[in-house]
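Trainee: I am new to this structure and would like to go through it by question and answer.
Mentor: Then let us look at it together.

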Amino acid sequence: MQLHHYKTGTNRNVGRNTVSVSVTVLLALVMLAAGVCGGFLLTREPEPAAFESATRAGTLAVRSEPYDDERSVTVTVERSESGSVAAPVGGVVTELRQCAAGSNIESGSAFIAIDGQLQLALYLRTPPYRTMTSGMKGGDIAALNAELRRLGYAAPDSDVMTWDTVKAFNALATTAGTQGTTQERQWSIDTSLFAWLPQQQVTVKECQARYGGQVEQGADVLTTTSQPVRATFRRNDSSMVQGDRVMEVNGATFTITDQTADSTDASLLSAIGASNEYRAAQQPTASGQASDTGGAQSDTGQDTAPNTINVTYRWKLAKALNVVSVPPAAMYDVSADSACVVSRGKPVAVHVVASQLGKSMVSVQSGASLTSVDVPASTGKACR
C-alpha cells in the first residue's frame with residue numbers, strides 16, 4: 001500500500017511538472033511573437049515623403065519667379081503652287097552645282113556657272129528691281145543690308161546703301177566665289193550680280209538649265225517647290241496665357257503680337273520655309289502621305305485650304321510674368337482666373353496664371369510683392 005501511494009504521488013508530480021513546462025513554452029512563444037511584432041514595428045520603413053501632405057496649416061513663405069508659359073504652337077502654313085529662279089546673266093551654262101530635283105539652294109551660295117563665272121543666289125525679302133548705288137535708300141536696300149547681316153557680314157542696320165554695304169556684299173561674293181561689284185561699276189549692285197531667291201532656302205522642283213546649254217538673262221533656270229505665303233497661328237488652347245509671344249524659327253526670333261492671327265511677313269515665311277520643322281512636316285507619314293492637310297478638316301472641324309501644311313514650333317511670352325506658387329488651400333473666392341489669398345493677415349487679390357504639380361501660379365493684381373500666404377486662408381473677407 002505504501003508502495004502504491006508512493007507511485008501515485010510521483011505521477012501527480014510528473015503531471016504538474018508537465019503542465020509547468022507547457023505553460024512555460026507557451027509563454028516563451030507568446031513573448032517571442034510579441035518581440036517579432038515589436039521588431040517589425042520598430043524597423044518598418046517610414047512613409048515616403050511623396051505620400052505625406054505637402055501643405056501644412058500655418059504661414060507659408062513664397063517667392064516670386066519668372067514664368068514665360070513656353071509651349072508648342074501649331075502654325076498652319078499656306079503655300080504657293082511653285083516659284084522660279086531666273087538667270088542673272090545670259091550665256092552658256094558651264095557648271096551646275098545644285099540644280100537637280102530635290103536639292104536645296106541656300107541664300108549666299110553659288111548654284112550655277114554661266115560663261116565660266118559662278119552666279120550668286122541671294123534672298124531679299126523685297127525683290128530687287130533697280131540698280132542700287134551709294135546713298136540710295138529704300139525697302140530693297142534695307143532687305144539687302146538685312147540679308148547680308150543675317151549671313152554674318154557687317155552691313156549697316158538701315159535702309160541706306162553705304163560703303164559698308166559694298167564691303168559686306170563683296171566679302172560674301174569672295175566667300176562664294178562669285179563676282180562682286182567694282183569701281184568700273186561705280187560700286188553699284190544690280191540684278192546681274194546675283195539670282196534672286198524668294199526664300200532663304202528653296203528646294204528645286206525642276207531644273208530647266210542644261211549643262212552646255214544657252215540661257216538668256218532673266219529666263220527661268222529652275223522652278224522651286226511650293227513656298228510659304230501665309231502663316232496662321234492656332235490659339236485654341238484655353239490654358240495659354242494671353243500676351244505677345246516670341247517664336248524662334250530657323251535661328252531667328254520673331255515677335256507675334258497677341259492680336260496677330262496670321263502673318264505674311266517675308267522674313268518669317270522665309271525662315272519657316274528653311275526650317276527643319278517645315279521640312280520634317282513635308283515628309284511622308286506612316287500612311288505614305290505627306291503631312292499636308294490636303295483639304296482635310298482642321299482641329300476646329302472646318303475645311304482647310306488644299307495647299308496648306310501644319311508645322312509645330314515653340315513659343316513663349318515676350319515678357320515673362322512674375323508669379324508665386326501657392327497651394328490651392330491658400331485661395332478662396334476663386335472665380336475664373338481670379339482669387340483671394342491672405343498675406344500678413346490681410347486679404348490680397350491675385351490673378352491665377354496657371355496650375356501645375358498641385359500648385360497654382362498667381363500674380364498680385366496690384367503689382368505688389370507677395371512673400372507669404374496663410375494655409376488655409378485665415379479669413380473670408382473679400383479682397384476685391
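**Disulfides and a sheet**

Mentor: The link of Cys-99 and Cys-207 is right-handed, with 90° about the S-S bond. Keep in mind that this is a predicted model.

Trainee: How many residues apart in sequence are the parts that Cys-99 and Cys-207 tie together?
Mentor: A disulfide joins Cys-99 to Cys-207, with an S to S distance of 1.8 Å. Cys-99 lies in the loop between strand 5 (91-96) and strand 6, while Cys-207 lies in strand 10, so the parts tied together are apart in sequence by 108 residues.

Trainee: Are Cys-99 and Cys-207 buried or exposed?
Mentor: The word buried is used for a relative accessible area under 20%. Cys-99 and Cys-207 are both buried.

Trainee: How many disulfides does the structure hold?
Mentor: Besides the link of Cys-99 to Cys-207, Cys-340 and Cys-383 form a disulfide, with their sulfur atoms 1.9 Å apart. Numbering the bonded cysteines in sequence order gives the pairing 1-2, 3-4. The number of disulfides in the structure is two.

Trainee: Is the link of Cys-340 and Cys-383 left-handed or right-handed?
Mentor: Cys-340 is in strand 20 (residues 338-343) and Cys-383 in the segment after strand 23 (372-375), so this pair ties together parts that are 43 residues apart in sequence. Cys-340 and Cys-383 are buried. The angle about their S-S bond is -75°, and the link is left-handed.

Trainee: Which strands stand at the edges of the open sheet of four strands?
Mentor: The order of the sheet is 4-12-10-6, with antiparallel pairing.

Trainee: What does the twist average from one strand to the next?
Mentor: The sheet concerned is the open one with the order 4-12-10-6. From one strand to the next, its twist averages 45°.

Trainee: Which residue in strand 12 is the bridge partner of Val-204?
Mentor: Strand 10 (residues 201-207) and strand 12 (residues 220-224) run antiparallel and are joined by three bridges. In strand 12, Val-204 has as its bridge partner Thr-224.

Trainee: What is the relative accessible area of Thr-224?
Mentor: Thr-224 has its place in strand 12. Leaving aside neighbours within four places in sequence, its contacts include Ser-82, Gly-83, Val-202 and Lys-205. Thr-224 is buried, and its relative accessible area is 0%.

Note on methods:
Residues are numbered from 1 along each chain as its sequence is written. This is a predicted model: local features need pLDDT of at least 70, side-chain atom pairs count only at pLDDT 80 or more; totals for chains, interfaces and linings use all residues. Side-chain values use heavy atoms; hydrogens and water are left out. Two strands pair if DSSP finds at least two bridges between them. Helices (H or I, at least four residues) and strands (E, at least two) are DSSP runs, numbered from the N terminus. Axes are lines fitted to C-alpha atoms, for helices over the stretch in contact, and angles run from 0 to 180 degrees between N-to-C directions. A disulfide is a pair of cysteine sulfur atoms within 2.5 Å. Buried means under 20% relative accessible area, exposed over 50%, partly exposed in between (1.4 Å probe, protein chains only). Contact means heavy atoms within 4.5 Å.
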